[in-house]
Amino acid sequence: MSSNSADIASEQKYVSRLYDRLDEMREKAAGRLAVLLRQAGGTPQARSERESGVTLYTEQVTQFGAVENGLCFGRLDFHDDEPRYIGRIGLFDDSAEYRSLLVDWRAPAARPFYLATAASPDGVRRRRNIRTRLREVVGLHDEVLDIEAARDSAHEDLTGEAALLSALTASRTGRMRDIVATIQAEQDHVIRAPLDGVQVVQGGPGTGKTAVALHRAAYLLYTHRRELSTRAVLIVGPNQTFLKYISQVLPSLAETGVLLRTVGDLYPGVSARRTEPVEVAEIKGRTVMAEVLAAAVRDRQRVPDEPLPIKITGGETLMLEPETVRKARERIRRLGKQHNLSRQLFDTEIVHALTQQIADKIGHDPYAHDALGGDDATGDEQYMEEADLAEIRRELRKEPELLGTLDWLWPVLTPEQLVAGLFASPQRLATATPQLTDEERELLRREPRGGFTPADVPLLDEAAELLGEDEASAAAAAERLRRLEVAYAAGALEIALGSRSIDVEDEAEPELLAATDLIDPERLAERHEASERRTAAQRAAADRKWAFGHVIVDEAQELSPMTWRLLMRRCPSRSMTLVGDVAQTGDLSGTSSWAPVLEPYVGERWRLAELTVNYRTPAEIMAVAGEVLAEIDPTLEPPRSVRESGVQPWERTADLAELGEIVRAEAAAMGDGRLGVIVPIGLLFGAGRAVPEAVLGDDPDLESRVVLLTVKQAKGLEFDHVIVVEPDRIVAESRRGKSDLYVALTRATQRLGTVTLTAS
Ligand SMILES: Nc1ncnc2c1ncn2[C@@H]1O[C@H](COP(=O)(O)OP(=O)(O)OP(=O)(O)O)[C@@H](O)[C@H]1O
């Protein structure tokens, strides 16, 4: 780290100029936004232009606020070119030449900042990391890429790791940070990989997979803005806690147009929070469930055992024969249309059959063969006129008893009704699941009330495909969209306010406050709705059939085959980035190899990139975790730790009552930072009583100093210090217990301890 004050002063001058420029642009955008928000009325065209202006300037104000911290973090000096400053966004001066002041990190011109090495300098003489706090330059770290220049430099440091190491050893806050200033070359290659096709990123714990996935989203949105801003990018993460943990990374990279979702939230209108045993989730994740659901739909298309009497107005009773229903059903099934969309056809078939019955009874022309009869026609056996038949059909369609019968024979179903109804009924389960054992069937049974589990979501989606949407559900979808828009509009206003720079906030920027005073979320949502100018991410969130421009999956090894089906439906272009580690798979329906999950969708056409360096876990901890990895699969290589901490992991044996004391001692040794206590599922509440100061729950607040959680909850997260309680019990709790332990042991950035409890 250099602290040459002359250099710092000179960089400060430049950085201050960049902030001045940022302020100018932000003020301009906020001013324009405020003016637009005060306007009302006008022609439809004027309104529409105003609405797009509001969207544009809201986004700009948000973006300029989001890049406040660490706006500029790097500088490249070339042998034969002007220095180039690298930052979170591109900035230009407002002169006629529109000169570049700051290069966006995603632009090709910024790439040498991440890739140039002394061996392959690419014209770069010196790479400088600029560290800022608020708007002040507080340190420089130089890396000279040519030996000659290195001799003259005041910032001689050829290791190139100082900036990285200072980022890695900093205390954690409970929120993931971006790594834009220190992206490493192997990560950069993944981030900038082509948009098309399926890119798998396999890497051990701490290799930056999540970081890379998020930076890739930002890169793709920047580089392919036009395609992706209309189709949107979806990022799927394992749980709400994890999504919260990563939620600030993309805004800090000035990207907000990405939809972050858990699998449990991928079916619009359902928030799957119900829990269930892992064995049940595993059954629901099997591909065979697609056949089960198809059978469950067929089972709802009934054929009565006996003729059904149907009383119609006027007191007459028609008989609907099982054979008639069976034939109608066969004909309709042959058409291959979705169940709900076939209902009308079914009605038509049955109404026709019953009309025929009436015609047979009353419509036969008694004079058909009688030339002297009162009728005009001769010869042909004359049934009723077509107009009369049509009239009967019309009347029949209004008959309440018939309508009830049709509903019973071919009910219009929502996916929710189909799935909940299937699991609630032993009889329906028995019919639809011949492939399962009695025991498995029994596991699937549950009460319909109580909502859905994450493993139900792919089933709901599959069911929706089989059923098709009728008008009622389309109307419900429109209402969902409206509600989401109100929520989004509230969020957008919050971001516009919350992301203002500290300086601006201090001065209580009057125009921006006026902007939010002027419009409430409900009205902003109406503007969006009226103008059809919702962001793609907003529209995608409410639309089950949305085809995303790119889908990124984190912890992709955990997805079940049924979830893969759902995701592939959401991404027909197969432009995907899948990051994960097959050694960390915990879910029983997850995978331990990439090829079999991808083969059904893309054959062998997918690219594999491997990340090999562990940025999180010091070598001392990785040595312990490496032993567990060898037990999972001796052919797997643990990632190489980038640093050593000099601290060996510790082990203790204690009884549960002592756990509180141990945790307090560890927290005291930690300074500021976060301590994660990872326990077996069965011990969560017992440990919670023993360590009352720890937070725990479905979605624990990760910013708390001590967090108590299960391995499943800890997946993807990290803490400065970690205590793993009862490692053997963690292994024993699941068929994938060793992988769970491996995950638990690799969460610490500084120090690891394990506690084995004595039986008491
Ligand atoms: N180039 C980098 N510069 C600075 N920090 C980095 C870099 N790469 C990774 N890190 C940090 O290393 C830690 C681990 O990264 P991340 O969580 O993305 O790893 P992961 O591969 O997803 O791990 P896991 O598989 O255990 O979930 C994070 O704190 C991340 O910020």
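User: Hi! Which backbone oxygen does the side chain of Lys-209 reach?

Analyst: That of Gly-203, at 2.8 Å; a polar contact here is an N or O pair within 3.5 Å, where one atom must be able to donate a hydrogen and the other to accept it, and residues adjacent in sequence count only if both atoms are side-chain atoms. The model is predicted, so local features need pLDDT of at least 70 and side-chain atom pairs pLDDT 80 or more, while totals for chains, interfaces and linings use all residues. Residues are numbered from 1 along each chain as its sequence is written, and side-chain values use heavy atoms, without hydrogens and water.

User: Is Lys-209 buried or exposed?

Analyst: Lys-209 has 10% relative accessibility, so it counts as buried (under 20% relative accessible area; exposed is over 50%, partly exposed in between; 1.4 Å probe, protein chains only).

User: And where does Lys-209 sit?

Analyst: In helix H7, residues 209-223; helices are DSSP runs of H or I with at least four residues, strands are E runs of at least two, and both are numbered from the N terminus. Thr-210 is in helix H7 too.

User: What does UniProt say about Lys-209 and Thr-210?

Analyst: Its unreviewed entry lists both under "binding site", with Gly-203 among the other positions. UniProt positions follow the numbering used here, feature names are shortened, and annotations may be inferred rather than shown by experiment.

User: New topic: what does Thr-210 touch?

Analyst: Leaving out residues up to four places away in sequence, Thr-210 touches Met-176, Phe-242, Ile-246 and Asp-554; contact means heavy atoms within 4.5 Å.
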